[in-house]
Amino acid sequence: MKVDISGLNKFFESRIRLGVMSILMVNDSYDFNSLKAALGVTDGNLASHLKSLEENDLIRVNKKFIGKKPNTSYSATENGEKLFRVHLKALEDIIRNK
Amino acid sequence: MENKSEYIEDLRVIKKVMEESSRFLSLSGLSGLFAGLIALAGALIAVFAFFDGKFLLQGGYFAGKTAESLLQLKIQLSVLSLLVLILALGVSLWLSYRKSVRKGLRMWTPVSKRLLVNLMVPLVTGGLLIIIFYFQFNWQLVIPSMLIFYGLALVGAGKFTYNDVFYLGLIEIITGIASVIFPVYGILFWCFGFGVLHIIYGLLLYRKYER
């Protein structure tokens with residue numbers, strides 16, 4: 001994952017990935033449909049971003065069943081929280097210093 | 001490098017998404033105002049229809065009544081309370097729904113579900129206790145229980161909506177405790193807690209977040 005000299009993480013350039021991480025920073029877990037509604041994105045689009053977040057160990061997937069319906073929810077990993085904080089701080093620093 | 005406005009927009013998105021996903025922001029200040037007015041109207045009806053226009057609950061008021069007229073009074077008061085509750089809840093929900101539509105927010109989200117659970121546990125507990133007190137003739141405990149359990153519900157719900165709700169809860173609890181110490185003024189404490197405080201907080205929320 002590329003982090004540039006100011007601490008910005010290339011991976012968070014996508015607003016959708018940024019949005020998913022923002023939600024998971026303040027919620028222990030969030031389900032797929034609620035993420036979709038909160039960010040106003042399509043199924044496929046969200047799914048592909050979630051997959052890349054998962055593959056890079058930023059989020060964890062929790063699959064369970066509510067009755068017979070599968071319910072997939074997501075949580076931020078420790079690594080994800082750390083990387084997001086670094087990125088957030090970099091953003092704030094850039095805006096403050098320029 | 002990207003320009004600065006991109007980063008400002010990123011931060012704005014982060015803040016907005018964090019807030020909307022962790023707090024129920026559809027709560028309308030006007031619903032507090034109307035809930036307060038409905039509560040006061042209900043209290044006035046109770047005082048003039050059932051308590052001979054007296055705001056003070058002097059001991060001995062129930063002494064001369066027959067069991068039959070007491071039962072009738074209980075039923076009438078229960079119906080009135082239920083009407084006040086349903087009306088206040090209905091208006092609050094409707095106004096909050098309107099606010100959510102206007103602001104493009106969703107009402108039914110993971111955070112509003114958590115808010116509801118945190119509200120309902122103390123409210124249902126208090127509600128059951130009140131029904132028991134009511135039918136055990138522990139009249140003195142009814143008003144304090146209403147105020148205290150409602151306050152506890154708001155304190156718990158404060159984490160999931162505007163922070164101001166937490167402080168409203170604290171004041172309701174204090175009002176409830178005071179009404180235990182001075183039972184004669186029960187109706188006045190009730191009017192303050194459910195009427196005046198709702199009106200003040202409703203206007204405060206409205207000014208702060210909706211103008």
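Which residue of β3(A) does Asp31(A) stand opposite? In this predicted model, the residue that Asp31(A) faces across the strands is Ser73(A).

**View 1. Pairing of strands β1 and β3 in chain A.** Strand β1, residues 30–31 of chain A, runs antiparallel to strand β3, residues 69–76 of chain A, and two bridges connect them. Within this pairing, Asp31(A) stands opposite Ser73(A).

**View 2. The hairpin of β2(A) and β3(A).** Strand β2, residues 59–66 of chain A, pairs with β3(A) in the antiparallel sense over eight bridges, and Lys63(A) stands opposite Thr72(A) of β3(A). Two residues lie between the strands of this hairpin, where Gly67(A) takes a positive phi near 65°. In a regular strand the side chains alternate between the two faces of the sheet.

**View 3. Chain A as the setting of these strands.** Chain A holds four helices and three strands, which follow one another along the sequence in the pattern α-β-α-α-β-β-α. Its C-alpha trace spans about 55 × 25 × 20 Å along the principal axes, and 44% of the 98 residues of chain A count as buried. Among the contacts in chain A with a separation of 6 or more, 53% come from residues 24 or more positions apart.

**View 4. Val124(B) in helix α4 of chain B.** Val124(B) lies in helix α4, which covers residues 110–135 of chain B. Val124(B) counts as partly exposed because its relative accessibility is 42%, a value between the limits of 20% and 50%. Although Val124(B) and Phe149(B) are 25 residues apart in sequence, they are 8.9 Å apart in space, C-alpha to C-alpha.

Key:
Residues numbered from 1 in each chain as written. Chains lettered and ligands numbered in written order. Predicted model: local features only at pLDDT ≥ 70, side-chain atom pairs only at ≥ 80, totals over all residues. Heavy atoms only, no water. Pairing = 2+ DSSP bridges. Buried < 20%, exposed > 50% of the residue type's maximum accessible area, 1.4 Å probe, protein only. Contact = heavy atoms within 4.5 Å.
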